[in-house]
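Please read it alongside the sequence and the model.

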Amino acid sequence: MLDLWYKNAVLYCLDVETYMDGNGDGVGDFIGLTQRLDYISGLGITCVWLMPFYPSPNKDNGYDVMDYYTVDSRLGSLGDFVEFARQARERGIRILVDLVVNHTSDQHPWFQAAIKDKKSKYFDYYFWSKQEPENIEEGIVFPGRQESTWTYRPEVGAYYAHRFYNHQADLNITNPEVRTEIKKIMGFWLELGVSGFRIDAAPFLIELTQADNVFERVEDPFIYLNELRDFLSWRRGDAILLAEANESLEKLPDYFGGGDRMQMLFNFWGNQHLLLALARESAAPLAQAFKELPPSPPTGQWANFVRNHDELSLDKLSDDQQDEIAAAFAPDRDTMWIFDRGIRRRFAPLLDGNLQRLKLTYSLLFTLPGTPVVNYGEELGMGDDLSLDERQPARTPMQWSTAPNGGFSTAPADQLVLPVIDSGDYGYKQVNVTTQQRNSGSLLNWMERAIRLRKECPEFGWGQPQFLDTNHDSVLAHRCEWQGNAVIAVHNFSQSDCKASLMLKDDVGKCLIDLFEDQPEDVVSDSAYDIPLPGYGYRWFQVGHPSE
């Protein structure tokens, strides 16, 4: 029987260099992360997703990789990684790592060998064109920060392709030797205990660039994803691939295939419409978005998130819809937006720190059909530092206590990898782990409880969702059933109290057991069932049989 552990997992994304500094040099490391595993376990996390920790010039937060087979020396050693993996395994926590193989750093030995010798095998690890490509300014990923997708190297006498920054040269996926190298990378980390990979920039990984040295042309480039999946399944049967693919609805099924490609896809479509629903205080955009999602195969799963580590992309929404979100949450386009498509703030400041509204949103995250992904610091409602460049405002160090540097590091503040937020409503003296652990009404304690309940309700991850009719535009209600058990979640997007009337014709004669509050069991006596909800309120129910 297939081990689909990811169906009822709770993922936690973190960057090693900004999570916990274990040796006092101002940079987070695996020693520090290992020290915090009890915290992660206590939060209820079942799988940690690590952002890139490989050696890198660090011009793009580690996504410009110089060596795929070791750990950046600032973050520790391979031995430190193995000890972290061992202790995570003892706590029942799986590990996903970023697989960044659509490009390398231009400082990678492969690229350096390529530009020094065109006869080197590494020359064909990359895409080259002797003539300036006609589409040199098309497909720019970082508008305003990137000038082209090809750059000329005079020592080679040719242009090389780079869908991202010019210091990130695209790998030639049509080269069989490159694909073999990718498998070696995967095999290496699987042997060290990881449970799978988050595939960075999946659409660009399989993009067939028009270059002089393309080895083969295939009608369906998704065959490369089948190749990755086949290798993964043979090496470790329960390992998974989680793809970053912010694509149109029509293209998303190709990443799942018939269940023989990616097991998981990030739900960018749902995420963007969640922001629209919150801005409008209307459930309709989110309900419609989930109804529009293409069906996933039995082994497939959507990975839902509120805020990821990049910009909060809104590129699949219309200009008018983006304007609505901007007016509600990020009106200063000059400081709060980036790349003409997204918001560079953390989530709590978008909602002005409104605790009830934060709980509503994360209640949605844990109950919407799919697997929830939490970005580090979200459990605290951490803020951002808009004085930092590009995507850095939402990547500041974890805030552990009221100690200097928020307990992240004992190094002088000017030696930190990024500055800790030290002032305002979101400064570390106001928002930190220690303070919230001592406050029973804190967001952190609420998140721990919500995560525990989510794991006790596998129907949300495994079951087929049914969105229920209500009599209120602001209320989203859905029912998930699996193996004869059913759960229902109800959410009020409005700040106003309301009474929702749910159509529960399949549950007449059964009772609703409230999972969050101490409420008496209520038998559903009619197909229209009324539920009172406070402003930004939510209810989780288990459908059961009346007590004797």
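Strands β11 (residues 264–266) and β12 (residues 301–305) run parallel and are joined by 3 bridges. F266 has A303 as its bridge partner in β12. Strands here are DSSP runs (E, at least two residues), numbered from the N terminus. Two of them pair if DSSP finds at least two bridges between them.

The model is predicted: local features need pLDDT of at least 70, side-chain atom pairs count only at pLDDT 80 or more, and totals for chains, interfaces and linings use all residues. Residues are numbered from 1 along each chain as its sequence is written, and side-chain values use heavy atoms, without hydrogens and water.

The pair belongs to a barrel of 8 strands, closed in the order β1-β2-β3-β9-β10-β11-β12-β16 with parallel pairing. On average, neighbouring strands of this sheet are turned by 25° against each other, direction ignored.

Now the pockets. A pocket is an open set of points on a 1 Å grid over the protein atoms alone, where a 1.4 Å probe fits, with protein on both sides within 12 Å along at least five of seven lines; lining residues have an atom within 4 Å of a point. Volume is the space filled by probe spheres set on the points.

| Largest | about 560 Å³ | V141, F164, F204, E244, R341 |

The lining of the second largest pocket takes two or more residues from each of α10 (284–292), β12, α17 (459–462) and β17 (464–467).

Note on methods: Helices (H or I, at least four residues) and strands (E, at least two) are DSSP runs, numbered from the N terminus. Axes are lines fitted to C-alpha atoms, for helices over the stretch in contact, and angles run from 0 to 180 degrees between N-to-C directions.
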